Amino acid sequence: MINLKKNLVPCIALLLCATLLWACKNCGCGYEKCLIVSDIHLQLDNDSTGYSKDPSLGLVQAVVKKMHEVLPAPKFIIIAGDFVGHEVHDGQKAAIIDKVAQVFHATFDSKIPIIPVFGNNDSDGGDYVKQSPAFLSAFARSWNLSTIGVDTAEFVKTGGYYATSIKGDNFPNMNFIALNSTLVSDNSHRYKGKDSLVTYKDGVSMLQWLNSSLSRDSTKKSWIIYHMPPGDDTYKIVANQSKPADKRRTDTLMWSAGYTTTFDSIMAVNSSHIAFGIAGHTHRNSFLVFSNVAGTPVAYTRVVSSVSPNYGNNPSFEVADFDPKTGQVTGEKTYALNIANVKTSADLAVATWTNKYSINTVAGLQKVNSNTLYDFAKKNNSDTSMLDSKFIYFYNSGARSSDPNNLTLNNYPIYFQNSLMQAK
């Protein structure tokens with residue numbers, strides 16, 4: 001009996017250890033969480049919270065409050081640009097950005113790093129126009145960039161991009177690269193006014209810096225954050241199909257073609273150093289997959305939806321689980337506010353939040369990486385009967401968009417075709 005006990009105790013201990021290891025692996029122990037949000041577009045001079053309008057301060061505060069409620073102590077917060085409303089005058093934009101920063105600083109502990117980037121609306125020179133040194137300095141002050149290790153003098157000198165590993169973090173293998181996509185935006189967006197039809201040479205310097213940063217920090221896994229995704233503006237391309245030739249939009253490239261080609265190559269060559277990419281701008285949930293010259297998918301970017309509901313989408317934000325050792329995102333939840341019956345800030349009390357329209361709920365995307373996204377896009381690019389309707393709800397953050405130029409069951413192959421990028 002004594003011998004039996006001696007043999008049984010080690011067996012029970014081993015069984016308990018195995019059970020604990022299995023439970024830890026499956027509950028997400030060891031993973032960290034962060035918040036991701038984009039396209040806030042605060043418009044202070046209105047009280048609208050409904051579709052087709054940029055949000056009031058009340059709606060922005062409600063979204064940030066919900067972010068804190070869901071995850072009060074994220075490891076960091078990423079904001080992928082476009083802080084100011086579409087109707088805000090250039091001279092008021094610095095103050096609007098500062099107001100958004102105040103909302104976040106008042107809600108979250110000051111020790112939580114916030115990593116922001118510029119959007120195309122975030123400029124004192126006009127839409128898609130590069131920012132002045134004074135505007136860059138004001139941005140750095142509003143977001144306390146020096147507290148996350150950014151050399152603010154260099155930030156202003158180079159034109160609004162930076163890299164940081166976040167001082168005092170618990171994930172030293174991760175690096176965060178924040179780009180200013182205005183510098184690489186296609187010149188067709190600047191069709192009038194300041195810098196009309198100018199292609200910024202600053203984009204060359206920024207992409208060279210990006211390549212050297214990835215190469216120099218090869219021991220780290222980088223997250224690359226930018227507002228405008230490269231490639232085609234599929235929404236405008238689809239809209240052009242129903243217009244006469246003389247009425248079609250010409251600004252259908254997000255980035256200048258040459259800059260897109262360079263970026264595709266950088267992503268492919270440095271893919272082993274890149275863990276994740278984040279973009280916004282489209283006000284819709286989607287993705288881009290980057291392949292190398294041989295056509296093998298090697299990296300991806302999640303294009304996240306917006307807080308602003310001005311394009312018929314529900315306001316939303318992301319909670320991402322990530323492995324601090326590898327930087328890989330292991331899961332996502334999209335939290336969306338149903339504003340179908342909301343008109344003003346007073347109606348927000350009865351609006352409801354949901355996380356049922358997340359990317360991991362879509363068939364074939366329970367595990368998200370460059371390979372699964374590539375296969376998903378390829379399947380839906382070639383077979384018009386395959387799309388899971390959950391993806392359309394995920395795309396619109398749960399809203400029922402009536403715009404035929406958004407992704408629908410009639411046009412989605414072109415959307416997925418344009419989500420695949422390949423190095424040349």
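# Helix packing, pair by pair

Q: Is the crossing of α2 and α3 left-handed or right-handed?
A: This is a predicted model, with local features needing pLDDT of at least 70, side-chain atom pairs pLDDT 80 or more, and totals for chains, interfaces and linings using all residues. Residues are numbered from 1 along each chain, and side-chain values use heavy atoms, without hydrogens or water. The helices are DSSP runs (H or I, at least four residues) numbered from the N terminus. With the near helix turned clockwise from the far one by less than a right angle, the crossing of α2 and α3 is right-handed.

Q: At about what angle do α2 and α3 pack?
A: Helix α2 covers residues 57–70 and helix α3 residues 93–107. Their axes (lines fitted to C-alpha atoms over the stretch in contact, angles running 0 to 180 degrees between N-to-C directions) lie 10 Å apart, and the packing angle is about 35°.

Q: Which residues of α3 make the contact with α2?
A: Contact means heavy atoms within 4.5 Å. From α2 come L57, Q61, V64, M67 and H68, and they meet α3 through K99, V103, F104 and T107.

Q: How many charged residues does the contact of α2 with α3 have?
A: Sorted by class (nonpolar: Ala, Val, Leu, Ile, Met, Phe, Trp, Tyr, Cys, Pro; charged: Asp, Glu, Lys, Arg; polar: the others, Gly among them), this contact has five nonpolar and three polar residues. The charged count is one.

Q: Which residues of α4 touch α3?
A: On the α3 side, K93, A94, I97, D98, A101 and H105 take part. By class, the contact splits into six nonpolar, two polar and two charged. The α4 partners are F135, A138, F139 and S142.

Q: At roughly what angle do the axes of α6 and α8 cross?
A: Helix α6 spans residues 202–216 and helix α8 residues 257–269. They are therefore roughly parallel to each other. Their axes come within 11 Å, and the crossing is roughly 0°.

Q: How many charged residues does the contact of α6 with α8 have?
A: Here G203, V204, L207, L210, N211 and L214 in α6 meet Y259, T262, F263 and I266 in α8. Seven residues of this contact are nonpolar and three polar. As for charged residues, there are none.

Definitions and conventions
Helices (H or I, at least four residues) and strands (E, at least two) are DSSP runs, numbered from the N terminus. Angles under 35 degrees count as roughly parallel, over 145 as roughly antiparallel, 65 to 115 as roughly perpendicular and the rest as oblique.
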